[in-house]
Amino acid sequence: MNEPKLDPHCEAILQEYRDNLPAFQEKAAAIHQTLKDTLAGAGLLVAALECRVKTEESLAGKLALKGGKYASLKDITDIIGLRIITFYTDDVDKVASAVERLFTVDWENSVDKRKLHEIDSFGYLSLHYVCSEPDFPFRFEIQMRTVLQHAWANMNHDTGYKSGVEVPREHLRNLNRLAGMLELVDEQFSRIRMDITNYRRKIQALVASGNLDEVPLDGDSYRSFLQLGPFDKLNRRIASVNQAEIQEVSLLAYMPVFKALSCKTLGDVVKLIKEHSEAAYQLACYQLGLTDLDIISSSLGPQNICIAAILKRGFGAEGLRLMFDQIGGTAGGNQALAEMILEQAQDLPFMNQK
Amino acid sequence: MEVKIVTEGTTTTVSFIGRLDTPVSQEVAAKVEPVLEKADGIIVLDCKEMSYISSSGLRIFLTVRKAAAAKGGRVIVRDMNPDIRNVFMMTGFLNLFEIQEG
């Protein structure tokens, strides 16, 4: 490949770059790590965090085109370049706040391209900061944009739009139409996320206030419900049979079983717990009473509630097998287990009460 | 109780042969401990030749599960006989593990 011919001034800048390349690489890695740790610490999930140090070839190309513009290497701000790609448009601002806290932003040279568009134009949207740190003499660039803005920018780049080659007006118009559409999609994603967050808050408030009959049973509401410890009392009672320790585990697997038992609201689950707690306890006493097993998991409470409800409603061994298939996956041994529980339960008071 | 450990690629199979009861549990736990280092892969707890499991045995299984959860690995409990499966059920351990049958 032909090296671009550089004048002595540009050649001096290029030599300065070569001399400082290890420092650039070290600094880029440090900035990358700082950003990674900060975003993770703030719970900000991003699609990508890219970091690169400009190659000598790329810098030489830049100098060949507009080297006269730069007095020294310090005037070139993109030797180190980072790009943070977010899922949501709102997160671009959050990421920007984090960057502002971490580094000194050169506001004169930073651009918020999101604000540059006129009301009747669409196109590349990105937030672009030129930053510095006191212990490093060179500036660096951080670009922040959403996944969709990133996709559009890449597609746009592929058309050669910026290469000076004239692209037919029709294609440019199509690209801009696409930019407008992606902007709307980005907005919709953010709105959906906000709606889901609001729904979760509302459900949490309803759960906390005890209006459980009004709360539909779904993944979010059930999760909030579990924070109230609805099975704790039963688990403690069962544990007392053998003075067992209780291992806390996730109880999310039981939500589909409660749904299958016709629970439509959290209030229905509460009723089910009240109705079958005694039977669930009887079953545990029968099974554990003659053993020395002194450890149980917190899923024993909901498991036995469901077993009792299935048996009392007459769903028999088939119902139990379906429950075990649901919570632990389909296994041949589930049928035998179901039949054994059914047989055990025949001796228990709850199966013999009219 | 005999414990056999075989690692192939990212899968480590721990086979328990005999009774995993309280008297042997410390020795078994010591044998299983090095396996926890590999908890970022797949750990198969093979119960095909296990005839009994006590609370101490369940605690060993729980330790493996916790290590795998911390390291993003997978634990499979394989080939439990009906008695062992019953112990898992009546302690609420059944849905804590991925269960496979041979």
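Is B:D79 buried, exposed or partly exposed? It counts as partly exposed, because it has 19 C-beta neighbours inside 10 Å. For the terms used here, a residue is buried if 20 or more other C-beta atoms lie within 10 Å of its own, exposed if 12 or fewer, and partly exposed in between, with C-beta atoms placed from the backbone. The structure is a predicted model, in which local features need pLDDT of at least 70 and side-chain atom pairs count only at pLDDT 80 or more, while totals for chains, interfaces and linings use all residues. Residues are numbered from 1 along each chain as its sequence is written, and chains are lettered from A and ligands numbered from 1 in the order in which they are written.

B:D79 sits in the loop between β5 and α3 of chain B. Its phi is near 55°, a positive value in a residue other than glycine. A:Q243 belongs to the loop between α7 (232-242) and β7 (245-247) of chain A, and it counts as exposed because it has 7 C-beta neighbours inside 10 Å. As background, most residues other than glycine have a negative phi.

Now to chain B as a whole. It has three helices and six strands, where helices (H or I, at least four residues) and strands (E, at least two) are DSSP runs numbered from the N terminus. Along the sequence these follow the pattern β-β-α-β-β-α-β-α-β. Of its 102 residues, 40% count as buried. Among contacts in chain B with a separation of 6 or more, 70% are between residues 24 or more positions apart; two residues are in contact if their C-beta atoms, placed from the backbone, lie within 7 Å.

Strand β5 (residues 74-78) of chain B pairs with two others described here. With strand β3 (residues 42-46) of chain B it pairs in the parallel sense over five bridges, and B:D46 stands opposite B:R78 in β5(B). Pairing means that DSSP finds at least two bridges between the strands. With strand β6 (residues 98-100) of chain B, β5(B) again pairs in the parallel sense, over three bridges; here B:I76 stands opposite B:E98 in β6(B). Between β5(B) and β6(B) the chain passes through helix α3 (residues 82-90) of chain B, and this β-α-β crossover is right-handed: with the strands pointing away from the viewer, the path from the first strand over the helix to the second runs clockwise.

The loop between α3 and β6 of chain B holds B:L94. B:L94 is buried, with 26 other C-beta atoms within 10 Å. Its C-alpha atom is separated by 9.8 Å from that of B:V77, 17 residues apart along the chain. Leaving out residues up to four places away in sequence, B:L94 touches A:F324, A:G328, B:F88 and B:M89.

That brings in the interface, where 23 residues of chain A are in contact with 20 residues of chain B. On the chain A side, the elements giving two or more residues are α9 (266-288), β8 (295-297), α10 (300-312), α11 (316-328) and α12 (333-345). The largest share, four residues, comes from α12(A). By class, this side has 13 nonpolar, nine polar and one charged residues. Ala, Val, Leu, Ile, Met, Phe, Trp, Tyr, Cys and Pro count as nonpolar, Asp, Glu, Lys and Arg as charged, and the others, Gly among them, as polar.

The largest nonpolar core has 75 residues, of which A:A280, A:C306, A:I307, A:A308, B:I43, B:L45 and B:V64 touch the most other members. Such a core is a set of buried Ala, Val, Leu, Ile, Met, Phe, Trp, Tyr and Cys residues joined through C-beta atoms within 7 Å. Not counting residues up to four places away in sequence, A:A280 touches A:L234, A:G301, A:N304, A:I305 and A:A308. Apart from this core lies another, of 29 residues, including A:L82, A:F138, A:I142 and A:M144.

Chain A itself has 13 helices and eight strands, and buried residues make up 30% of its 354 residues.
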